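Hi,

Here is the structure I promised to pass on. Have a look at it first, and then read my notes below.

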Amino acid sequence: MAASRVINFGAGPSCLPEDVLHEATQGLFNFADSGMGIAEISHRSKEFGAFLNEVESLIRTQLNVPPTHSILFTQGGGTGQFAAVVLNMLARHRLLHPDLKERTIDYVLTGSWSKAAVKEATRLTAGSDVKINIAADAKLHSADQASYAGVPPHDSYKFSENPALIYYCENETVDGVQFSHEEGSPSSFPFHLLPKDQLLPLVADYSSSFMSRPIPRLTDHAIIYAGAQKNIGPAGLTIIIVRQDCIVDVDAAVGLGATPVPAILSYKYVAEGKSMPNTPPVFSIYVAGLVLRRMQKLGGLAYFEETNKRKKEKVYQALEEGEKRGVFKPRVGKESGSWMNIVFNVPGEGAEAKFLKGAEEQGMKGLKGHRSVGGIRVSLYNALEESQIDKLVAYMREFIESSTTL
């Protein structure tokens with residue numbers, strides 16, 4: 001089986017560690033010595049309940065999640081959270097400030113997914129007393145003012161005085177833009193510009209970088225959410241880290257004029273049901289738990305941060321070599337380049353198709369860029385081994401040489 005597997009650079013669902021896949025097949029037949037497979041056993045069983053508690057503990061320990069924040073497991077992916085964060089945070093704001101005539105929600109635009117979040121927020125708040133403020137728009141600072149090529153400069157941010165939420169996407173998978181996690185970097189998120197002396201209504205989409213490195217100022221966030229299908233599991237599971245003051249009575253807020261919230265999108269409903277108000281994505285949680293166990297054994301986030309840093313540096317070095325020789329053209333400025341999704345073009349008629357064909361002939365798939373932007377996209381999620389990155393880098397250099405000696 002191993003010989004027939006390719007190196008999967010896909011942006012998601014992403015590759016998973018082979019040892020986890022083998023272990024998961026055993027769990028399909030007999031989970032936790034229950035005599036039943038994970039896809040068959042009741043989510044109310046003591047075996048699954050114990051496993052879910054372990055998954056929560058593995059996340060809390062490795063990310064240093066404080067007791068002020070709850071960890072919830074749900075479905076719906078990032079798209080579901082586009083709606084959930086708006087509805088829950090507006091309900092919270094209504095309970096805190098019932099007499100306000102107008103409310104504001106702030107968004108930072110750095111790519112396709114933050115743009116999609118704004119679109120959903122616009123739809124949900126149409127005709128209401130809610131104003132959407134674009135606190136910063138990366139497009140306005142790109143060379144063509146039409147593409148997402150980097151993080152907005154700090155002096156361009158304009159946050160509202162009392163927003164119901166402040167939203168950003170930490171890593172944009174389509175465009176390859178990511179905030180730096182080094183404080184003081186011009187490409188870091190501008191925490192220093194946020195409103196002071198209050199519990200911040202800060203919301204972050206961490207779907208494509210979750211568990212790849214530590215989260216800066218995690219405790220300052222109201223909500224951090226992530227789809228599991230990038231670094232830790234199959235599609236179907238969404239992990240939400242939510243500060244407990246944001247788990248509010250959304251029905252009480254309706255009495256004050258807030259929009260009704262579907263029960264399955266209410267953090268209070270999910271929390272009170274201990275992430276099981278209905279049947280959760282059992283198999284996705286199981287595989288994610290196996291991945292998290294493996295992460296902890298390997299050294300946790302410190303190990304993966306160091307490994308991921310080496311992986312991305314190797315690819316960026318090859319990309320820079322290709323750029324100097326006119327073979328590759330990066331889409332994102334160096335300081336804002338993603339660790340997880342490196343996006344570039346191969347100029348010339350038929351050149352990208354040739355690059356992809358050559359890569360596939362060497363057993364490397366999933367390198368085609370998102371349909372909305374094209375080009376090449378190299379996704380470097382946790383499960384990709386450094387030796388696999390070395391193979392890609394060697395191929396990139398071969399391609400550079402063959403392209404410049406014609």
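On the domain 1 side, the elements giving two or more residues are helix H2 (46-63), strand S7 (177-178) and helix H7 (282-298). Helices (H or I, at least four residues) and strands (E, at least two) are DSSP runs, numbered from the N terminus.

Please keep in mind that this is a predicted model: local features need pLDDT of at least 70, side-chain atom pairs count only at pLDDT 80 or more, and totals for chains, interfaces and linings use all residues. Residues are numbered from 1 along each chain as its sequence is written, and side-chain values use heavy atoms, with hydrogens and water left out.

Domain 1 covers 46-295 and domain 2 covers 300-404, with bounds from an automatic or database domain assignment. Their C-alpha centres lie 29 Å apart. In contact (heavy atoms within 4.5 Å) are 27 residues of domain 1 and 23 residues of domain 2.

There is one salt bridge between the domains, meaning a side-chain nitrogen of Lys or Arg within 4 Å of a carboxyl oxygen of Asp or Glu. The side chains of Arg294 and Glu385 form a salt bridge at 3.4 Å, N to O.

Happy exploring!
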